[in-house]
Amino acid sequence: MAIGTASADARAFELVATRGSEVSGICSNPFLEAAFKTVEFRIKVRINADGTWSYEEDTVMMIPGHEGPFIIRTATR
């Protein structure tokens, strides 16, 4: 579960979960561990002046046969 801190009137904040963290860790299961290992999840949320909100999200995984981290980036506007 990703966590973060923000003031009550914050217009933007970030939540993060990392593999191995005892506080905001990433859990898995045998099937997922064989296919890929999620090592980090990060989401940046912005509350817009008109009351709508948007976000940018990154999921970082290690995939067998793929050199280096594989990053999935999604966003709304």
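A residue counts as buried when its relative accessible area is under 20%, as exposed when that value is over 50%, and as partly exposed in between. In this predicted model, serine 24 has a relative accessible area of 10% and is therefore buried, since the value falls under 20%. Serine 24 sits in the loop that connects strand E1 with helix H1 (30-35). Setting aside neighbours within four places in sequence, its contacts are Met1, Ile3, Val16, Ala17 and Thr18.

Two of these contacts lead to the surface. Met1 and Ile3, together with Val23, make up a nonpolar surface patch with about 370 Å² of accessible area together. Isoleucine 3 belongs to the segment that precedes strand E1 (12-18). With a relative accessible area of 42%, isoleucine 3 is partly exposed, because this value lies between the 20% and 50% limits. Serine 24, by contrast, is buried at 10%, although isoleucine 3 is among the residues in contact with it.

The strands come next. Four of them build an open sheet in the order E1-E2-E3-E4, and the pairing is antiparallel. E1 and strand E4 (70-75) are the edge strands, each pairing on one side only. On average, neighbouring strands of this sheet are turned by 10 degrees against each other, with direction ignored.

E2 and strand E3 (residues 53-62) run antiparallel and are joined by 10 bridges. Here glutamate 40 has valine 60 of E3 as its bridge partner, while isoleucine 43 stands opposite glutamate 57 in E3. The hairpin of E2 and E3 has five residues between the strands, and glycine 51 in this hairpin takes a positive phi near 90 degrees. The antiparallel strands E3 and E4 are joined by six bridges, and the bridge partner of aspartate 58 in E4 is arginine 73.

Not counting residues up to four places away in sequence, glutamate 56 touches Arg42, Ile43, Lys44, Thr74, Ala75 and Arg77. Its relative accessible area is 36%, so glutamate 56 is partly exposed. The C-alpha atom of glutamate 56 is separated by 17 Å from that of methionine 1, which is 55 residues away along the chain.

Side chains of opposite charge can pair when their charged atoms come close. A search of the whole structure finds four salt bridges. One of them joins arginine 42 to glutamate 14, with the closest N and O atoms 3.1 Å apart. This pair links distant parts of the chain, with arginine 42 in strand E2 and glutamate 14 in strand E1, 28 residues apart. Arginine 42 also forms a salt bridge with glutamate 40, where the closest N and O atoms are likewise 3.1 Å apart.

Arginine 42 has a relative accessible area of 26% and is partly exposed. Glutamate 14, at 28% relative accessibility, counts as partly exposed, and glutamate 40 is partly exposed as well, with a value of 22%. Arginine 42 is also among the residues touched by glutamate 56.

Another salt bridge brings together the side chains of glutamate 33 and arginine 19, at 2.7 Å from N to O. The two residues are 14 apart in the chain and connect distant parts of it: glutamate 33 belongs to helix H1, and arginine 19 to the loop between E1 and H1. Glutamate 33 is partly exposed, with a relative accessible area of 25%, and arginine 19 counts as partly exposed at 34% relative accessibility. The loop between E1 and H1 that holds arginine 19 is also where serine 24 is found.

Definitions and conventions
Residues are numbered from 1 along each chain as its sequence is written. This is a predicted model: local features need pLDDT of at least 70, side-chain atom pairs count only at pLDDT 80 or more; totals for chains, interfaces and linings use all residues. Side-chain values use heavy atoms; hydrogens and water are left out. Patches are made of residues with over 30% relative accessible area and no salt bridge: like charges are joined within 9 Å, nonpolar side chains (Val, Leu, Ile, Met, Phe, Trp, Tyr) within 5 Å. Accessible areas come from the Shrake-Rupley method with a 1.4 Å probe; for residues, only the protein chains shown count as cover. Helices (H or I, at least four residues) and strands (E, at least two) are DSSP runs, numbered from the N terminus. Buried means under 20% relative accessible area, exposed over 50%, partly exposed in between (1.4 Å probe, protein chains only). Two strands pair if DSSP finds at least two bridges between them. Axes are lines fitted to C-alpha atoms, for helices over the stretch in contact, and angles run from 0 to 180 degrees between N-to-C directions. Contact means heavy atoms within 4.5 Å.
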